[in-house]
Amino acid sequence: MAHVRKRTHSPNSGPRKSGRRKTSTRRSTIARKSTKRAAPKRWSQRVTKESDALDLKQGVFKLTSPRKIAISLKQSAEHSSRRKTGAYRSALSMLTFYINRAGKTLPKTQRARLEKAKVELKRAFGRE
């Protein structure tokens, strides 16, 4: 007759394991990665203020008329000493930059207004 050993405890009453894996190597790589310097949060805001693009008037993209936006961009582009290309190209690139950076957060009405401002900008520069 075979000897049967009695269990004195339930299978779950032994030393508990937390179910977690050792992460010591993973933590060390995360620590190494976090030593890099973070980029500035609002780099697009810095571009509009400090770049060689244009000297824009305050609130130009908040104007209600596409024509007024285009005229203001044209004046800024023509009077700017910080631009590297022609006035039309600088004005159009700044307008496109603003639309692209606003992305999905830009209300549809304002996006439509800014798209119309592109057409008005062409007209203002005589490029129809």
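If we leave aside the neighbours within four places in sequence, Ile-99 is in contact with Arg-111, Leu-114, Glu-115 and Lys-118. The model in which we see these contacts is a predicted one. Ile-99 itself is found in helix α4, and its relative accessible area is 2%, which is under the 20% limit, so Ile-99 counts as buried.

The axes of α4 and α5 come within 11 Å of each other and cross at roughly 170°. Because an angle over 145 degrees counts as roughly antiparallel, α4 is described as roughly antiparallel to α5. On the α4 side, the residues that take part are Tyr-88, Ala-91, Leu-92, Leu-95, Thr-96, Tyr-98 and Ile-99, and in α5 they meet residues including Gln-110, Leu-114, Ala-117 and Leu-121.

Gln-110, which is found in helix α5, has a relative accessible area of 11% and is therefore buried. Apart from its neighbours within four places in sequence, Gln-110 is in contact with Phe-61, Lys-62 and Tyr-98, and this leads us to Phe-61.

With a relative accessibility of 7%, Phe-61 counts as buried. When its neighbours within four places in sequence are left aside, its contacts are Leu-56, Ile-69, Leu-73, Met-94, Leu-95, Tyr-98, Gln-110 and Leu-114. What kind of aromatic pair do Phe-61 and Tyr-98 form? The two rings are stacked, with 4.2 Å from centre to centre and 10° between the planes. Phe-61 lies in the loop between α2 (43-50) and α3, whereas Tyr-98 lies in helix α4, so the pair ties together parts that are 37 residues apart in sequence.

A search of the whole structure finds two aromatic pairs, and the other one is formed by Tyr-88 and Phe-125, which are edge-to-face at 5.4 Å centre to centre, with 70° between the planes. This pair, too, links distant parts of the chain, since Tyr-88 is in helix α4 and Phe-125 is in the segment after α5, 37 residues apart. Tyr-88 is buried, with a relative accessible area of 12%, while the face of Phe-125 has Lys-74 lying over it, at 5.4 Å from the ring centre.

In soluble globular proteins, nonpolar side chains tend to be buried together. Here the largest nonpolar core has 18 residues, and those with the most contacts inside it are Phe-61, Leu-73, Leu-95, Leu-114 and Leu-121. The elements that give two or more residues to this core are α3 (66-79), α4 (87-102) and α5 (108-124), and the largest share, seven residues, comes from α4.

Finally, consider the chain as a whole. Its secondary structure comes to five helices and zero strands, and of its 128 residues, 20% count as buried. Among the contacts with a separation of 6 or more, 62% are between residues 24 or more positions apart.

Notes:
Residues numbered from 1 in each chain as written. Predicted model: local features only at pLDDT ≥ 70, side-chain atom pairs only at ≥ 80, totals over all residues. Heavy atoms only, no water. Core = buried A, V, L, I, M, F, W, Y, C linked by side-chain atoms within 4.5 Å. Buried < 20%, exposed > 50% of the residue type's maximum accessible area, 1.4 Å probe, protein only. Helix = DSSP H or I, 4+ residues; strand = E, 2+ residues; numbered from the N terminus. Contact = heavy atoms within 4.5 Å. Phe/Tyr/Trp six-rings, centres within 6.5 Å; stacked < 30°, edge-to-face > 60°. Lys NZ or Arg CZ within 6 Å of the ring centre and 35° of its normal. Axes fitted to C-alpha atoms, helices over the stretch in contact; angles between N-to-C directions. Parallel < 35°, antiparallel > 145°, perpendicular 65-115°, else oblique.
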